[in-house]
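Below is a briefing on a structure, grouped by topic. Please keep the sequence and the 3D view open while reading.

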Amino acid sequence: MTTTEDNSRPMLELRGIGFTYPGREKPVFSNLDFRLNREKIALLGDNGSGKTTLLQIMVGLLRPTQGEVYFQGRPMREEKDFFPLRRRIGMLFQHADDQLFCPSVLEDVAFGPLNLGRSREEARAISVETLNSIGLTGYEDRITHQLSGGEKRLVALATVLAMQPSALLMDEPTNDLDHDAKSRLLSVLSSLDMPFILISHDWDFLARLCTGFYSLKHGHLHKSKTIKVHQHSHAHALGEQDHHHSK
Amino acid sequence: MISEPFAVGDSLLHRTDPAVKIISAMVLALSIATGSSFQVAGAGLLVAACCCYAAGLPLRPLARRLAAVNIFILLLWITLPLTGGGEQMIQLGSLQLSGKGITLAGLITLKANAVYLLLTALLATSTIAAIGHGLERLHLPNKLTILLLTTYRYLGRIELEYKRLRRSAVLRCFHGATNLHTYRTYGYLIGMTLIRSYERSRRIHQAMIMRGFTGTFPVLIQPRTGTRDLLFLALCVGISLLFSFLTIR
């Protein structure tokens with residue numbers, strides 16, 4: 001961490017953000033404010049409420065029609081302003097297939113470090129280490145498009161972590177994952193010591209990871225302190241037999 | 001999904017630098033294709049067969065691929081002897097066959113098989129990814145290399161997407177027939193596949209930008225061109241020059 005990190009300023013800040021997709025009349029947001037400090041944030045909202053759009057604005061993949069994005073106190077105005085931001089804030093996309101574009105796992109994980117100017121040896125070492133750290137030892141030479149859905153998601157996470165970011169944005173990482181893959185992802189994410197924003201519809205998953213909860217509705221962000229833990233009945237196979245639930 | 005059955009192996013040719021193999025395949029193929037004598041074509045076929053042997057390619061799948069190539073050549077054998085012209089004519093029943101046409105068809109058969117075997121032995125023994133990186137090292141324009149590599153990576157996905165759309169049409173009792181409804185439906189399917197592919201390519205580009213992509217693909221595995229690679233290259237170039245000399249003479 002060689003760059004100056006000013007702890008008094010939020011890492012990422014949105015001020016008065018408004019956004020309208022070209023050709024549409026209704027804005028997705030108008031005058032939206034948001035700060036990301038050290039929190040682990042859950043972002044909730046209905047389909048089409050603009051959660052993904054918000055993440056894309058944060059990293060400059062979309063430009064707001066009004067307001068500004070600030071990274072460590074500096075306004076982000078042009079494409080090149082976003083380069084240092086993207087270096088520090090990693091993004092996990094909704095579809096892992098969109099994120100894995102190299103033939104082999106090792107090449108894909110090394111893509112980011114190589115772009116950041118690391119030497120081949122360094123990039124290789126970082127990639128192997130990152131894969132090991134999330135339990136994917138020995139995956140280096142696997143072919144990316146032949147992995148299972150859960151493996152793809154974890155490799156996609158590895159490609160982001162290999163850039164050694166200071167924060168993560170994750171767009172529905174639990175989608176389409178079975179129970180095992182979800183719990184693997186959960187254990188990897190809970191071992192991370194960095195702030196993040198996590199979009200998901202999986203309340204249990206969010207409740208176990210996040211410290212702050214926001215919901216996006218009609219273009220406004222509402223903050224709620226906690227998700228209230230409560231009991232309710234649920235259904236699953238063999239439910240009538242004696243059993244217990246481990247968390 | 002593109003399968004690369006010949007790319008796995010540990011033969012001499014599998015271990016040769018892809019960039020060297022690309023150049024060798026190009027010069028050899030060019031010298032064989034421009035050859036005008038049975039001498040050159042036959043020798044070319046012999047060289048190609050030797051390459052296949054050196055690469056240790058399995059015979060059965062290789063024969064299947066060759067058969068596919070020779071189906072096209074069969075068409076030449078049907079047309080050329082009848083239309084070849086020339087003075088020498090062979091009478092076969094009520095048919096008059098052109099000697100020139102037969103010679104030409106024979107030459108083309110030899111050359112086509114030689115070039116096909118050669119390309120298989122030299123290029124199919126590397127993965128498409130390795131060939132892509134090899135082309136990059138030969139300073140082929142970057143955009144073309146990226147196009148090749150990403151096409152290879154996503155072709156399977158695009159096919160899957162098309163099949164998914166088609167299945168949903170079939171599940172709603174769509175039967176192809178010769179009518180406007182069928183044409184329109186296929187138009188929609190292809191159009192929708194194009195749009196989805198375009199949108200996917202945008203998402204992939206975004207993911208690449210997020211990881212610091214600025215237009216060039218960094219290469220992690222850089223094969224080194226060794227003495228053995230250079231010897232192989234020299235041998236191939238030598239054979240090509242000999243073929244060209246025989247053709248010009």
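Chain B has a secondary structure of 9 helices and 2 strands, where helices (H or I, at least four residues) and strands (E, at least two) are DSSP runs numbered from the N terminus. Chain A has 8 helices and 10 strands. This is a predicted model, in which local features need pLDDT of at least 70 and side-chain atom pairs count only at pLDDT 80 or more, while totals for chains, interfaces and linings use all residues. Residues are numbered from 1 along each chain as its sequence is written, and chains are lettered from A and ligands numbered from 1 in the order in which they are written.

**Chain B overall**

- From the N terminus on, the elements of chain B follow the order α-α-α-α-β-β-α-α-α-α-α.
- The radius of gyration of chain B is 23 Å, whereas a compact globule of 249 residues would have one near 18 Å; the value is taken over C-alpha atoms, and the globule rule is 2.2 Å times the number of residues to the power 0.38.
- Along the principal axes, the C-alpha atoms of chain B fill a box of roughly 65 × 60 × 30 Å.
- Of the 249 residues in chain B, 26% are buried (20 or more other C-beta atoms within 10 Å of the residue's own; exposed means 12 or fewer, partly exposed in between, with C-beta atoms placed from the backbone).
- In chain B, 78% of the contacts with a separation of 6 or more join residues 24 or more positions apart; a contact means that the C-beta atoms of two residues, placed from the backbone, lie within 7 Å.

**Where the chains meet**

- Contacts link 21 residues of chain B with 26 residues of chain A.
- On the chain B side, the elements that give two or more residues are α7 (142-171) and α8 (180-210) of chain B.
- α8(B) gives the most to that side, with 8 residues.
- By class, the chain B side has 9 nonpolar, 7 polar and 5 charged residues (Ala, Val, Leu, Ile, Met, Phe, Trp, Tyr, Cys and Pro are nonpolar, Asp, Glu, Lys and Arg charged, and the others, Gly among them, polar).

**The sheet of chain A**

- Chain A has an open sheet of 6 strands in the order β6-β7-β8-β3-β9-β10, with mixed pairing; two strands pair if DSSP finds at least two bridges between them.
- β6 (89-92) and β10 (220-224) of chain A are at the edges with a single partner strand each, so one side of each has no neighbour in the sheet.
- From one strand to the next, the twist averages 20° (axes are lines fitted to C-alpha atoms, for helices over the stretch in contact, and angles between N-to-C directions run from 0 to 180 degrees).
- Strands β3 (residues 40-45) and β9 (residues 212-217) of chain A pair in the parallel sense over 5 bridges, and A42(A) stands opposite F213(A) in β9(A).
- Helix α1 (residues 51-58) of chain A packs on the sheet, and its direction makes about 150° with that of β7(A).

**Helix α6 of chain A**

- Of the 13 residues of α6(A), 10 are buried, so the helix is largely enclosed by the rest of the structure.
- The cover over the buried residues of α6(A) includes β6, α4 (105-115) and α5 (120-133) of chain A.
- α4(A) and α6(A) pack at about 35°, with their axes 7 Å apart.
- In this packing, V105(A), D108(A), V109(A), F111(A) and G112(A) of α4(A) meet V155(A), A158(A) and T159(A) of α6(A).
- The contact of α4(A) with α6(A) has 5 nonpolar, 2 polar and 1 charged residues.
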